[in-house]
Amino acid sequence: MASSRMLYLILVATVATLGVASCVEGQVLFSTLPKSLVVTAALPDGKPIGEVKTGEDSILVKWTVNSTASVDAVKLKTKLCFASESQVLRGWRATNDDLKKDKTCLYDIATQDFSRTGGETTYKLSKSIPGAKYFVRAYAINAEGKQVATGQTSPNKVANTFTVIPISGRSTSIDIAVGVLSIFSVSALFGFFIFESIYLKRKKAV
Amino acid sequence: MADQSASGVGNKNAKGDPGTSMHGVTGKEPVYAFSVLQAAKAKPDPDAAKFALPVDSEHKATTMRIYSFRAPHMLTFHLSWFSFFTCFLSTFAAPPLIPVIRDNLNLDKGDIGHAAIASVSGSILSRLLMGSICDLIGPRYGCAFLVMIISPAVYAMASVETAAGFTAVRFFIGFSLATFVSCQYWMSSMFNGKIVGTANGIAAGWGNLGGGATQLIMPLVYALIKDSFKSPSFTAWRLAFFLPGVMHTTIGLMVLFLGQDLPDGNFKELEAQGTKAKDSFRKVFVNAVTNYRTWILLITYGYCFGVELTVDNIIAEYFHDRFNLSLSSAGIIASSFGFMNIVSRPLGGILSDIVAVRFGMRGRLWNLWIIQTLGGVFCIILGKTAALGPAIGVMIVFSFFVQAACGATFGVIPFVSRRSLGVISGFTGAGGNLGAVMTQTIFFTQATYHTEVGIEYMGIMIICVTALVLFVWFPQWGGMVFPSSKMSEEDYYASEYSEGEQDQGMHEASMKFAENSKSERGRRKGSNSPPQDAKPDGLKGIKEGAEV
């Protein structure tokens with residue numbers, strides 16, 4: 001009895017601790033962040049982006065601070081974010097005001113030191129980025145790691161978005177391997193049936 | 001002697017009654033229902049010496065040695081459960097990798113849901129067919145044929161580009177879950193009735209394990225390929241699928257070369273068996289579908305095994321998305337759900353047997369109802385749990401109850417019908433998949449609510465459907481709530497045959513079973529242990545022949 005009591009107490013304590021632990025960190029809500037940053041994204045030669053291919057093309061991201069705003073930040077993070085039409089029926093890309101739970105911006109572009117004069121970065125698109133429509137967003141991060149300001153290339157996640165064309169992941173060698181192994185399996189199966197029949201007929205005839 | 005050929009094809013008794021070929025296709029038989037010792041003493045068999053295990057007169061093993069790989073019995077056991085394990089592994093190989101696949105193929109929630117439904121719907125039909133296939137060409141060919149013919153589909157997963165292709169491939173791979181039937185059939189051919197329940201329970205449990213192991217193995221293989229070979233993620237997951245594909249081909253070849261249908265050899269090699277009148281398939285089938293208990297247990301099995309399949313399909317993605325875990329971490333947690341199968345399914349059957357000693361069939365029904373309802377309760381709690389640690393704990397408890405309910409269901413199934421046992425077992429197995437299809441369609445395909453809400457609703461549905469067990473009533477034993485009408489077991493099982501058939505004596509085969517099933521009355525004060533003259537089916541032909 002005493003041991004089951006102890007077990008019960010341990011269980012309750014664990015659940016309580018885990019429950020508390022999840023509430024400890026403070027929330028940052030996207031809607032409360034000042035839109036103090038101005039971000040643009042273009043092709044490296046300056047032309048506007050239409051479509052870019054992962055693994056091949058790069059984009060040039062420039063950011064500056066809005067002259068009237070005062071931003072107390074140490075770092076600046078730029079991220080690739082999903083446009084609204086790429087979030088439809090895909091709950092794993094859903095937008096949530098709480099930045100801890102927000103899944104709009106899943107791909108990092110760069111983390112740079114913050115400066116009032118602004119900065120830029122050239123980013124070659126990683127092969128693991130899925131095909132979708134995107135825009136670029138920047139967060140100014142303070143010394144504690146919390147977002148203090150933001151800005152993005154698209155005003156409403158619909159206008160001024162660009163398309164990313166992904167790799168397929170398939171290759172000729174994979175297709176050949178698939179074909180060879182499939183044919184081997186099926187022919188081994190039927191070959192076995194045939195040879196066993198012949199073997200047994202021969203045995204019977206003996 | 002009227003009929004010397006004791007061993008029928010598969011597990012048929014000497015008369016070749018259908019239904020008996022699937023006799024023992026259960027999760028559990030009452031361990032004491034058959035006594036083999038008298039039979040073995042009565043007829044010393046010189047051939048028995050060539051087997052590594054003690055065998056009965058049909059050369060079926062009377063014990064199991066799990067660590068042994070000796071032909072034919074234990075080698076067959078291992079080939080059988082491992083081929084079933086491989087099929088489970090390949091059927092559920094995609095779910096832990098969904099976060100990568102959905103990005104590569106641009107899937108939305110509907111596409112993922114449809115593919116998941118497709119993965120469990122193919123085997124509804126293939127499980128129904130597999131019993132007949134095993135009767136015709138033997139479990140060795142049946143199992144190997146299925147496993148190897150599906151391997152091209154597994155390989156083809158590496159080449160899919162669209163949602164439609166993904167759904168089609170998962171549909172075809174899902175056919176391979178019919179190896180459940182060949183596995184159980186094969187166990188019934190190799191192991192005596194006294195231990196066939198244990199053999200079947202272990203084989204089924206360890207096979208279902210594949211659904212858990214795959215959640216662990218596939219993300220690890222994916223990570224290995226991605227990191228060691230520096231493959232982009234969209235290529236790495238495709239390469240990972242060669243593992244289940246090669247496993248299919250390999251185990252198929254091993255079954256062909258090392259497997260054996262019966263302890264004495266293969267179907268093709270053995271001569272044709274006795275020419276006794278066989279039962280008509282149509283009558284056996286009609287007998288199965290007109291028994292309302294078949295339908296109730298089919299539906300309730302859909303909400304324990306069906307729920308298990310559904311959870312195999314969604315749980316890794318759920319942990320990845322809700323708790324922000326990596327694929328590997330989500331996979332490890334998800335695999336613990338399937339790993340519980342090592343113990344929970346066999347325990348469900350064992351609990352059913354333990355309860356039946358005291359309370360008989362009523363106890364078995366209460367046992368089933370309690371376990372499955374608790375599964376529903378913990379399902380609801382799982383959907384509501386928002387913290388990672390408790391969610392894992394709740395999931396493990398939930399998995400125990402869901403899988404134990406599967407084992408407990410097959411503690412009841414053998415008693416529903418003697419004549420149509422094979423068909424009913426096949427129906428129940430198919431019902432499990434049907435439940436998976438329905439549950440996934442209703443709760444996990446639409447984007448209107450989150451997965452955790454779907455899990456909650458699924459729990460509520462489990463509880464509601466399990467209430468149907470209240471309606472299972474046996475005239476000879478009663479049901480959960482109502483007592484028996486004091487019909488005798490012999491009358492119940494004889495009533496499966498028409499008057500004309502009874503005049504021909506076709507029901508004789510069921511009478512021994514009816515005698516043994518009196519154990520389902522439960523223990524009364526001063527009652528005896530099981531009848532002393534019980535013996536396994538295989539000797540019935542000899543004994544009856546001697547009496548003629």
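Predicted model: local features only at pLDDT ≥ 70, side-chain atom pairs only at ≥ 80, totals over all residues.
Residues are numbered from 1 along each chain as its sequence is written, and chains are lettered from A and ligands numbered from 1 in the order in which they are written.

A search of the whole structure, over all chains, returned one disulfide, defined as a pair of cysteine sulfur atoms within 2.5 Å. A disulfide is a covalent bond between the sulfur atoms of two cysteines. The bond is formed by A:Cys81 and A:Cys105, with their sulfur atoms 2.0 Å apart. A:Cys81 belongs to strand S4 (residues 75-82) of chain A and A:Cys105 to the loop between S4 and strand S5 (107-113) of chain A, so the pair ties together parts that are 24 residues apart in sequence. Helices (H or I, at least four residues) and strands (E, at least two) are DSSP runs, numbered from the N terminus. Because the torsion about the S-S bond of A:Cys81 and A:Cys105 is about 100°, the disulfide is right-handed. A:Cys81 is buried at 0% relative accessibility, and A:Cys105 is buried at 9%; here buried means under 20% relative accessible area, exposed over 50%, and partly exposed in between (1.4 Å probe, protein chains only).

In chain B, the sulfur of B:Cys379 has its closest cysteine sulfur in B:Cys464, at 12 Å, which is too far for a bond. B:Cys379 is buried, with 0% relative accessibility. B:Cys464 takes part in no disulfide and is exposed, with a relative accessible area of 53%.

Strand S9 (residues 162-165) of chain A has a covered face formed by A:Phe162 and A:Val164 and an uncovered face formed by A:Thr163 and A:Ile165. In a regular strand the side chains alternate between the two faces of the sheet. Two strands are taken to pair if DSSP finds at least two bridges between them. S9(A) pairs in the parallel sense with strand S2 (residues 51-53) of chain A over three bridges, and A:Val52 stands opposite A:Val164. Strand S7 (residues 132-141) of chain A runs antiparallel to S9(A), to which three bridges join it. A:Ala132 has A:Val164 as its bridge partner in S9(A).

The unreviewed UniProt entry annotates residues 176-195 of chain A as "transmembrane region"; UniProt positions are given in the numbering used here, feature names are shortened, and annotations may be inferred rather than shown by experiment. Over residues 176-195 the chain is 100% helix and 0% strand, and the end C-alpha atoms are 27 Å apart. A nonpolar surface patch of about 480 Å² is made by A:Phe190, A:Ile194, A:Phe195, A:Ile198 and B:Phe145. Patches consist of residues with over 30% relative accessible area and no salt bridge, like charges being joined within 9 Å and nonpolar side chains (Val, Leu, Ile, Met, Phe, Trp, Tyr) within 5 Å; accessible areas come from the Shrake-Rupley method with a 1.4 Å probe, and for residues only the protein chains shown count as cover. Helix H2 (residues 172-205) of chain A gives the most to this patch, with four residues. B:Phe145 is found in helix H4 (residues 109-156) of chain B and is partly exposed, at 32% relative accessibility.

The structure holds 13 salt bridges over all chains, each being a side-chain nitrogen of Lys or Arg within 4 Å of a carboxyl oxygen of Asp or Glu. B:Asp103 and A:Arg93 form one of them, with the closest N and O atoms 3.2 Å apart. B:Asp103 lies in helix H3 (residues 98-104) of chain B and A:Arg93 in the loop between S4 and S5 of chain A, so the pair joins two chains. B:Asp103 is buried at 13% relative accessibility, as is A:Arg93 at 1%. B:Arg140 forms a salt bridge with A:Glu196, the closest N and O atoms being 2.9 Å apart. As B:Arg140 lies in helix H4 of chain B and A:Glu196 in helix H2 of chain A, this pair joins two chains. Both B:Arg140 and A:Glu196 are buried.

Technical notes:
Heavy atoms only, no water.
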